[in-house]
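Thanks for coming. I will go through one structure, sheet by sheet and helix by helix.

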Amino acid sequence: MPQARHQRMASSKRKAPAFDARPFLVNLDGGATAITLGVRQTIFAQGDPADAIFYVEKGKVKITVLSHNGKEAVLAIMAGGDFFGEGCLTGQPLRMATASTITDCEVVRLEKAAVVRLLHNEHDFSEMFMLFLLQRNIRVEEDLVDQLFNSSEKRLARILLLLANFGKEDKPETVIPKISQETLAQMVGTTRARVNTFMNKFRRLGFVEYNGELEVHSSLLNVVLHD
(Lines give C-alpha, C1' and ligand atoms only; values in the text may rest on other atoms or scores of the structure.)
Protein backbone atom coordinates (compact mmCIF):
# COMPACT_ATOMS: atom_id res chain seq x y z
CA MET A 1 0.00 0.00 0.00
CA PRO A 2 1.53 3.39 -0.93
CA GLN A 3 2.83 5.54 1.96
CA ALA A 4 0.26 8.28 1.29
CA ARG A 5 -2.50 5.72 1.78
CA HIS A 6 -0.92 4.67 5.07
CA GLN A 7 -1.03 8.26 6.25
CA ARG A 8 -4.69 8.68 5.30
CA MET A 9 -5.64 5.55 7.24
CA ALA A 10 -3.62 6.68 10.25
CA SER A 11 -5.19 10.13 10.24
CA SER A 12 -8.08 10.70 12.65
CA LYS A 13 -9.63 13.41 10.46
CA ARG A 14 -11.79 13.29 7.39
CA LYS A 15 -11.55 16.10 4.86
CA ALA A 16 -15.28 16.27 4.14
CA PRO A 17 -18.09 16.44 6.72
CA ALA A 18 -20.47 13.57 7.25
CA PHE A 19 -23.43 13.53 4.88
CA ASP A 20 -26.90 14.29 6.19
CA ALA A 21 -29.55 14.25 3.48
CA ARG A 22 -32.51 14.33 5.87
CA PRO A 23 -33.17 18.10 5.60
CA PHE A 24 -33.72 17.63 1.85
CA LEU A 25 -35.81 14.46 2.08
CA VAL A 26 -38.64 15.87 4.20
CA ASN A 27 -39.89 17.93 1.26
CA LEU A 28 -40.09 15.23 -1.41
CA ASP A 29 -43.91 15.09 -1.45
CA GLY A 30 -44.31 11.33 -1.39
CA GLY A 31 -41.04 10.61 -3.16
CA ALA A 32 -39.37 9.35 0.02
CA THR A 33 -40.48 6.33 2.07
CA ALA A 34 -38.93 5.49 5.44
CA ILE A 35 -38.30 1.77 5.98
CA THR A 36 -37.33 -0.01 9.19
CA LEU A 37 -35.59 -3.35 8.70
CA GLY A 38 -34.26 -6.10 10.91
CA VAL A 39 -31.02 -8.06 10.58
CA ARG A 40 -30.35 -10.03 7.37
CA GLN A 41 -33.26 -8.60 5.39
CA THR A 42 -33.03 -8.02 1.64
CA ILE A 43 -33.62 -4.46 0.45
CA PHE A 44 -33.31 -5.34 -3.21
CA ALA A 45 -31.92 -8.35 -5.05
CA GLN A 46 -29.64 -8.73 -8.05
CA GLY A 47 -31.84 -8.67 -11.16
CA ASP A 48 -34.68 -6.64 -9.59
CA PRO A 49 -35.91 -3.52 -11.44
CA ALA A 50 -33.72 -0.51 -10.64
CA ASP A 51 -36.26 2.22 -9.97
CA ALA A 52 -35.11 4.00 -6.79
CA ILE A 53 -32.06 4.85 -4.71
CA PHE A 54 -31.70 4.41 -0.96
CA TYR A 55 -30.26 6.46 1.87
CA VAL A 56 -29.03 4.89 5.12
CA GLU A 57 -30.10 6.76 8.25
CA LYS A 58 -29.01 4.14 10.80
CA GLY A 59 -27.37 0.74 10.63
CA LYS A 60 -25.17 -1.06 8.14
CA VAL A 61 -26.03 -2.55 4.75
CA LYS A 62 -23.88 -4.87 2.65
CA ILE A 63 -23.79 -4.83 -1.14
CA THR A 64 -23.06 -8.25 -2.66
CA VAL A 65 -22.86 -9.73 -6.13
CA LEU A 66 -23.45 -13.35 -7.10
CA SER A 67 -21.58 -14.93 -10.01
CA HIS A 68 -23.10 -17.41 -12.47
CA ASN A 69 -21.41 -20.29 -10.64
CA GLY A 70 -22.88 -19.22 -7.30
CA LYS A 71 -19.86 -17.48 -5.76
CA GLU A 72 -20.78 -14.41 -3.69
CA ALA A 73 -18.55 -11.38 -3.13
CA VAL A 74 -19.11 -8.42 -0.82
CA LEU A 75 -18.57 -5.18 -2.74
CA ALA A 76 -19.20 -2.63 -0.01
CA ILE A 77 -20.58 -1.94 3.44
CA MET A 78 -22.84 1.12 3.61
CA ALA A 79 -23.49 3.00 6.87
CA GLY A 80 -25.34 6.08 8.11
CA GLY A 81 -25.15 8.94 5.60
CA ASP A 82 -24.48 6.67 2.60
CA PHE A 83 -26.52 6.33 -0.59
CA PHE A 84 -26.76 3.11 -2.57
CA GLY A 85 -28.64 1.85 -5.61
CA GLU A 86 -27.94 5.03 -7.57
CA GLY A 87 -27.29 3.09 -10.78
CA CYS A 88 -30.90 3.76 -11.78
CA LEU A 89 -29.98 7.42 -12.32
CA THR A 90 -27.71 6.39 -15.21
CA GLY A 91 -30.37 4.32 -16.94
CA GLN A 92 -29.49 0.98 -15.32
CA PRO A 93 -32.68 -1.08 -15.80
CA LEU A 94 -31.88 -3.95 -13.40
CA ARG A 95 -29.98 -4.22 -10.13
CA MET A 96 -26.43 -5.43 -10.64
CA ALA A 97 -26.05 -6.42 -6.98
CA THR A 98 -28.02 -7.34 -3.86
CA ALA A 99 -28.41 -5.03 -0.84
CA SER A 100 -29.17 -6.61 2.54
CA THR A 101 -28.94 -5.52 6.15
CA ILE A 102 -26.17 -6.50 8.55
CA THR A 103 -27.79 -4.79 11.55
CA ASP A 104 -31.17 -3.32 12.37
CA CYS A 105 -31.52 -0.47 9.89
CA GLU A 106 -33.48 2.64 9.08
CA VAL A 107 -33.29 3.48 5.38
CA VAL A 108 -35.17 5.83 3.10
CA ARG A 109 -36.34 4.73 -0.35
CA LEU A 110 -36.09 7.63 -2.80
CA GLU A 111 -38.05 7.51 -6.04
CA LYS A 112 -35.85 8.10 -9.07
CA ALA A 113 -37.94 11.04 -10.34
CA ALA A 114 -37.84 12.71 -6.92
CA VAL A 115 -34.05 12.46 -6.75
CA VAL A 116 -33.72 13.87 -10.26
CA ARG A 117 -35.83 16.87 -9.19
CA LEU A 118 -33.66 17.36 -6.11
CA LEU A 119 -30.48 17.27 -8.19
CA HIS A 120 -31.88 19.90 -10.55
CA ASN A 121 -33.48 22.18 -7.97
CA GLU A 122 -31.30 21.95 -4.85
CA HIS A 123 -27.72 23.07 -5.40
CA ASP A 124 -26.62 22.04 -1.90
CA PHE A 125 -28.03 18.54 -2.33
CA SER A 126 -26.39 18.20 -5.76
CA GLU A 127 -23.04 19.23 -4.30
CA MET A 128 -23.38 16.80 -1.39
CA PHE A 129 -24.44 13.92 -3.64
CA MET A 130 -21.59 14.55 -6.08
CA LEU A 131 -19.06 14.68 -3.25
CA PHE A 132 -20.40 11.38 -1.90
CA LEU A 133 -20.00 9.74 -5.32
CA LEU A 134 -16.46 11.09 -5.73
CA GLN A 135 -15.42 9.90 -2.29
CA ARG A 136 -16.85 6.45 -2.94
CA ASN A 137 -15.00 6.33 -6.27
CA ILE A 138 -11.79 7.02 -4.36
CA ARG A 139 -12.68 4.23 -1.93
CA VAL A 140 -13.22 1.81 -4.84
CA GLU A 141 -9.79 2.72 -6.24
CA GLU A 142 -8.21 2.18 -2.83
CA ASP A 143 -9.97 -1.18 -2.54
CA LEU A 144 -8.55 -2.20 -5.91
CA VAL A 145 -5.00 -1.18 -4.93
CA ASP A 146 -5.45 -3.06 -1.66
CA GLN A 147 -6.61 -6.19 -3.51
CA LEU A 148 -3.75 -6.06 -6.02
CA PHE A 149 -0.80 -5.31 -3.76
CA ASN A 150 -1.53 -6.25 -0.16
CA SER A 151 -1.67 -9.57 1.67
CA SER A 152 -4.92 -11.08 2.91
CA GLU A 153 -3.90 -10.24 6.48
CA LYS A 154 -3.46 -6.53 5.68
CA ARG A 155 -6.71 -6.44 3.71
CA LEU A 156 -8.59 -7.90 6.67
CA ALA A 157 -7.03 -5.39 9.07
CA ARG A 158 -7.98 -2.50 6.78
CA ILE A 159 -11.57 -3.71 6.45
CA LEU A 160 -11.95 -4.02 10.24
CA LEU A 161 -10.62 -0.48 10.69
CA LEU A 162 -12.98 0.85 8.04
CA LEU A 163 -15.94 -0.90 9.66
CA ALA A 164 -14.98 0.80 12.92
CA ASN A 165 -14.78 4.20 11.16
CA PHE A 166 -11.07 4.76 11.86
CA GLY A 167 -9.83 7.60 9.64
CA LYS A 168 -13.21 9.36 9.53
CA GLU A 169 -14.26 12.60 11.14
CA ASP A 170 -16.65 10.90 13.52
CA LYS A 171 -15.31 9.18 16.63
CA PRO A 172 -14.46 5.55 15.79
CA GLU A 173 -17.07 2.96 16.72
CA THR A 174 -14.63 0.55 18.33
CA VAL A 175 -17.37 -2.04 18.89
CA ILE A 176 -18.69 -2.97 15.46
CA PRO A 177 -21.84 -4.95 14.62
CA LYS A 178 -21.54 -8.71 14.66
CA ILE A 179 -20.31 -9.78 11.25
CA SER A 180 -19.59 -13.37 10.27
CA GLN A 181 -16.14 -14.57 9.29
CA GLU A 182 -17.70 -15.81 6.06
CA THR A 183 -18.74 -12.24 5.20
CA LEU A 184 -15.30 -10.94 6.11
CA ALA A 185 -13.75 -13.60 3.86
CA GLN A 186 -15.98 -12.46 0.98
CA MET A 187 -14.85 -8.87 1.52
CA VAL A 188 -11.16 -9.78 1.75
CA GLY A 189 -11.21 -12.24 -1.12
CA THR A 190 -9.90 -15.21 0.83
CA THR A 191 -11.20 -18.24 2.71
CA ARG A 192 -13.01 -18.35 6.02
CA ALA A 193 -10.22 -20.53 7.45
CA ARG A 194 -7.60 -17.86 6.72
CA VAL A 195 -9.81 -15.14 8.22
CA ASN A 196 -10.18 -17.27 11.35
CA THR A 197 -6.38 -17.66 11.56
CA PHE A 198 -5.81 -13.91 11.20
CA MET A 199 -8.55 -13.04 13.71
CA ASN A 200 -7.04 -15.38 16.28
CA LYS A 201 -3.66 -13.74 15.69
CA PHE A 202 -5.14 -10.23 16.04
CA ARG A 203 -6.81 -11.24 19.30
CA ARG A 204 -3.64 -12.84 20.63
CA LEU A 205 -1.71 -9.62 19.92
CA GLY A 206 -4.41 -7.48 21.56
CA PHE A 207 -5.51 -5.76 18.34
CA VAL A 208 -9.11 -6.98 18.63
CA GLU A 209 -11.39 -8.54 21.21
CA TYR A 210 -14.47 -10.56 20.49
CA ASN A 211 -16.87 -12.33 22.75
CA GLY A 212 -20.26 -11.95 21.11
CA GLU A 213 -19.26 -8.45 19.92
CA LEU A 214 -16.14 -7.44 18.02
CA GLU A 215 -14.03 -4.62 19.45
CA VAL A 216 -11.34 -3.11 17.24
CA HIS A 217 -8.40 -1.31 18.84
CA SER A 218 -6.38 1.44 17.15
CA SER A 219 -3.28 -0.75 17.57
CA LEU A 220 -4.58 -2.76 14.58
CA LEU A 221 -3.22 0.10 12.46
CA ASN A 222 0.19 -1.49 13.06
CA VAL A 223 -0.75 -4.30 10.67
CA VAL A 224 -1.80 -1.85 7.92
CA LEU A 225 1.21 0.43 8.36
CA HIS A 226 3.80 -2.32 8.64
CA ASP A 227 5.78 -2.93 5.41
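Threonine 64 stands opposite valine 74 in β5. The two strands involved, β4 and β5, pair in the antiparallel sense over six bridges. A strand here is a DSSP run of E with at least two residues, a helix is a run of H or I with at least four, and both are numbered from the N terminus. Two strands count as paired if DSSP finds at least two bridges between them.

Before going further, the model is predicted: local features need pLDDT of at least 70, side-chain atom pairs count only at pLDDT 80 or more, and totals for chains, interfaces and linings use all residues. Residues are numbered from 1 along each chain as its sequence is written, and side-chain values use heavy atoms, with hydrogens and water left out.

Back to the hairpin of β4 and β5. Five residues lie between its strands, and glycine 70 there takes a positive phi near 90°.

Two packed helices are described by the angle between their axes and the distance between the axes. Helix α5 (residues 152–163) packs with α6 at an angle of about 115°, and their axes are 9 Å apart. The two are therefore roughly perpendicular to each other; the scheme calls angles under 35 degrees roughly parallel, over 145 roughly antiparallel, 65 to 115 roughly perpendicular and the rest oblique. The crossing of α5 and α6 is right-handed, where right-handed means that the near helix is turned clockwise from the far one by less than a right angle, and left-handed means anticlockwise.

Which residues of α5 and α6 meet? From α5 they are Ser152, Arg155, Leu156, Ile159, Leu160 and Leu163, and from α6 they are Leu184, Met187 and Val188. By class, this contact has seven nonpolar residues, one polar and one charged. In these classes Ala, Val, Leu, Ile, Met, Phe, Trp, Tyr, Cys and Pro are nonpolar, Asp, Glu, Lys and Arg are charged, and the others, Gly among them, are polar.

α5 also packs with α7, at an angle of about 70° and with the axes 10 Å apart. These two helices are therefore roughly perpendicular to each other, and α5 passes α7 in a right-handed crossing. The α5 side of the contact is Ser152, Glu153, Leu156, Ala157 and Leu160; the α7 side is Arg194, Val195, Phe198, Met199, Lys201 and Phe202. Seven of the residues in this contact are nonpolar, one is polar and three are charged.

There is also a three-stranded sheet. This one is open, with the order β9-β11-β10 and antiparallel pairing. Its edge strands are β9 (175–176) and β10 (208–210), each pairing on one side only. Three bridges join β10 to β11 (residues 214–216), and these strands run antiparallel. Tyrosine 210 stands opposite leucine 214 in β11. α5 packs on the sheet too, touching β9, β10 and β11, and its direction makes about 95° with that of β11. Helix α7 (residues 192–204) lies across β10 and β11, running at about 110° to β10.

That is the end of my part; questions are welcome.

How values were computed
Axes fitted to C-alpha atoms, helices over the stretch in contact; angles between N-to-C directions. Contact = heavy atoms within 4.5 Å.
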